Amino acid sequence: MSSGVSVDLQDMWIKFGDFVAVREANVNIKGGDFFSFLGPSGCGKTTILRAVSGFLEPSDGNILIGGENMIGKGPNERPTALIFQNLALFPLMKVWENIAFSMEVRGASAGERRKRADELLDMIALSDQGDKLPSELSGGQKQRVAIARALCAEPDVLLLDEPLSALDLKLRQHMRTELREIQKRVGITFIYITHDQGEALTMSDSVAVMKAGIIDQIADGKSIYDDPSTAFVASFVGENNCFRGKISKIIDGQAVIDSNRTGALRGRIATGAQGKLSVGDDAMMFIRPEGLSLTDKEASDTRIMAEVHHSEFEGQSYNVFLEGTEGKEMKMALTNRGEAQLFDAGSNLKISFDANQAVIVPVGELASE
Amino acid sequence: MRDQPLLIRIGMSLYLLMFFTYLLGPLVLMGITAFNSASFPQISPWEIFSFEWFSKLFADDRILEGLKNSLYVGFFTVILSVSMGLAGALILTQIWPKLRATYYTLIIAPILVPGVVIGISTLVFWAEINRILGLSPDSFLANGIFLTVLGQSTFIASYCMLVFVARLQRYDIGLTEAALDLGASHLQAFRKIQLPFLFPAMASSAVLAFLASFENYNTSIFTHQKFATLTIILSQKVRYGIDPSISALAFIIVCLTVFFALLNEVRTRRAQLAVANGAPVGAVTSGFKAPSFFAGNPAAVVFALFVAGVVATVAISQVYDPEPAKSVLLKEKRAAQELRIQALQQRLKDKRLQKKMKGPDIFNEEKVGAKPKSPGAKTFGNVFAPNNLEDAAGSAKDKNGLKSKSPGVNTFGNVFAPTNLEDAAGSKKKDAPKE
C-alpha cells in the first residue's frame, strides 16, 4: 500500500452528443499522490472523475489504473472508491453499516463488519457514533463517515468529488488537514475535485487546472501559483493584476511588453510559455497583489504610477484598490505590520514590482469573475 | 382571530358542521342502524339495542363467501399490482427521456379507461387465449379469481405506479451509484439500497391496491364467474331488500379503517415528537413505554380510547342479552296488534248492528249470527261445509228421495248429483235444514 497505484488518462475524450465535455486529457498520476483537478464549475472535472470511477465510458482514449486498462469495466469492478459531492450516505443504514457496506456485499459476517467498522470509526474519531443514523450526524461527521466508508472498501484509488463544498469555512479548513493526514497514513492515491483553489493548493502534490474540458496546466501547487502557463490559470488561481500589450524585446527569459495603458513593463516569461513568444506577439503579464509594493524608485519598467481609489483592511493585510492611467484597475496587498496603511482616496502612489514575480504568458481567455 | 366578526365565526362553524355532517353523517347513521333490532336499517323508530345483526352477518354464508373471495382477490391483486407498479415506475426512471412522456401516458391509460370496459375486455381476451391454447372452458384461465385479479390489477397497478413514481422522485440515484462503487452488484444495490427506500411506498401502495380491489364492482362483475366478491354479493342482496347486517358489516369495516388510520397516526406522531426532542431515531423504533407513549401525542390518546371502546363493545355484546327486552317488545307488539284486531272486529260488529237495526235481511236470514259467513259459502256445492262428511258417510238416507239410489249419492255433498247445479243455483232453501 505504501507506493500506491498510478492512474493514467491517455488521450481521453468524453462527448455528450455534440458537446465535448473533456478534450484530449493526458494525465499521469503517480501512485500515492494527492492529485487535484481544479476548475470552475462546468469545466468537466467531475466528468473525468466519473469516467475514472466507471460511471461513464470515455468516448475515446484509455484509462489505466495500476497499468491495467479499465475500459469496459463497471464501477463495481474497479479498484476505486468515490466520495460523492453530497456524500450519498445510505440514509436507512446505521453509521457502522454504512461504513461496512463494501464488506456486506462481499458477504462478510456481521461480526467481522462490526469489528472493521469500529476500527475505522476510531480512526475518524467517531468511536461511539456507530449506532446512529447518518441524519443524526453533523456535516463534518458525515464527511468523515463517507471517507471511512470509502476506505473500508480498501480501494487503490480514492476519488473525492468536492467533498468539502457543503461545509462551513472553519470545518473546511480543518477537514483539509485531516484529509491530507488520512492520505499520508493510508498511502493510497487520492484524486480530488474542487473549484476551490485554496483546497487544491494546500492539499495536493499536483494540480491540474481545467477550463471548459481542456487541461491547461499540470504542476505542483507552487508552480501553478507562481508560474502559471496560461492566462486562464494565472487569472483563475488566486488574484492577479493583468496587463496586456505587445512584446517589445526578449532578453534572458525576461521580456518587456508595451502595455496598452501603463507603458513598458518588464516581466519573466512563464516556464510553460517559453519558446512560444517572440517579439511583436500579443502577450499578457500578471502581477499578484502581494507582488506590488510602495517605492520611491525613479521611473523604470518595474514601476507604475497609480491613484488610490479606495482601500480596505482585511486582517493580515491591507487591500489597496488603485487606478492607473486611463482607468487601469489594480489591486495591491500590503502585509499588516501593525502600522497604519490606509490611504486616502485620490492620493498618488509610486508602485514597484520584482520582474521575476511578473509572469508573461501568451494572450488567452481570462477566468470570469 | 379576535377581530373576526361574530357572524363570520358562526357562519364558519356552521359551514364546518354541515361539511362534516355531509362527509361523516351517512357513516355514523349507518353504524347506528347496525345496533337497532328493527329489520330494516333505520334509527327511528328505535326498537331495541341489539347485536343480532352482527350474529346474523356472521351466519350469512353468502356474505362470508363473498368476503373470502374479496380477500383472495385483494391479496393477489396487491401482490400483482405492487410488483407491476414498482417495475413500471423503475422503468419510467430508466427509460430514454424522449420516450418518457409517451410511456407515462401509456401506463396511466388504464386509470382513464372505464372499469366496465376493462372487465369485459379482460373476459374476452382470456377466453380467446384459453381457446387458442385449446384448454377446457373451465381451465384456470377462465377461473373467476384469476380473471378478477388480472382485470383489477390492470388499473390498480397504475395507481401503485404513481405512488412509486412520487417516492422515486425523491430518491438520490447517487445512492445506487455509491453502492455500485463500493463493489455491490446491480442486484445488491437495488435490494439493499433502493428497495428499502421504497418500503414506505410499497406499504402505502399495497393498502391503496387492497382498498381499490376490495371496493371494486364494475370490473369484477364481468370477471368474477362463480366467485362473487363482497361488493357483488351486497349488490345482489340489495335487490331482495337490505337488512341491517349490511350496516353491521359497514360498521366493522369503518372500525378497522379508523383503527389502522389511528395506529399509523400514532406512529408518525411519535417519530416526529422524538425527532423534535432530539432523540436518536433508534429510540423511536424501540419498545413500548407507557407514559411516554401518550406524552404530547393526542393521536395516541384517541387511539387508546378507540381501542378501549371496541373492547368494551365486544365485551358488552358477550354479556348483553337483548332477548328479555325483545320479548317484552314482542309482547307489547302483540298486545298492540291484538288491540288493533279487536278494534277492527268491534268496528265490524258495530257495522253489522247498524245493518240489523235497519231491519232483518229476508234473503240472508240464516247468515245473521255470530259466525260471519264468507260470500263463497255454498259454492262448490258445499263440499267444504263442516258436516258434509257426516252426511256422506253416515246415512244412505236420501234427502232428495227417489233420485238417489246409488251408495255414492250424496258423497261430495252431491256435487255431482244431476240436480245439483240447479240446486246450487236455484234454491238455497233445500240446504237450509242441514245447518
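Analyst: This is a predicted model. In chain A, a closed barrel of 5 strands runs β11-β12-β13-β20-β14, with mixed pairing. From one strand to the next, the twist averages 55 degrees.

User: What makes β11 and β12 of chain A a pair?

Analyst: Two strands pair if DSSP finds at least two bridges between them. Strand β11 (residues 241–251) of chain A is joined to strand β12 (residues 254–259) of chain A by 6 bridges, and the two run antiparallel.

User: Which secondary-structure elements does chain A hold, and how many?

Analyst: Chain A has 9 helices and 20 strands.

User: What does "buried" require, and what percentage of chain A is buried?

Analyst: A residue is buried if 20 or more other C-beta atoms lie within 10 Å of its own. Of the 369 residues in chain A, 42% are buried. Among contacts in chain A between residues at least 6 apart in sequence, 66% join residues at least 24 apart.

User: Why are chains A and B said to be in contact?

Analyst: Residues are in contact if their C-beta atoms lie within 7 Å. By this criterion, 19 residues of chain B are in contact with 21 residues of chain A, so the term applies. On the side of chain B that touches chain A, the elements giving two or more residues are α7 (173–181), α8 (186–214) and α12 (281–285) of chain B. The largest share, 7 residues, comes from α7(B). The residues of this side of chain B divide into 11 nonpolar, 5 polar and 3 charged.

Conventions:
Residues are numbered from 1 along each chain as its sequence is written. Chains are lettered from A and ligands numbered from 1 in the order in which they are written. This is a predicted model: local features need pLDDT of at least 70, side-chain atom pairs count only at pLDDT 80 or more; totals for chains, interfaces and linings use all residues. Two residues are in contact if their C-beta atoms, placed from the backbone, lie within 7 Å. Helices (H or I, at least four residues) and strands (E, at least two) are DSSP runs, numbered from the N terminus. Ala, Val, Leu, Ile, Met, Phe, Trp, Tyr, Cys and Pro count as nonpolar, Asp, Glu, Lys and Arg as charged, and the others, Gly among them, as polar. A residue is buried if 20 or more other C-beta atoms lie within 10 Å of its own, exposed if 12 or fewer, and partly exposed in between; C-beta atoms are placed from the backbone. Axes are lines fitted to C-alpha atoms, for helices over the stretch in contact, and angles run from 0 to 180 degrees between N-to-C directions.
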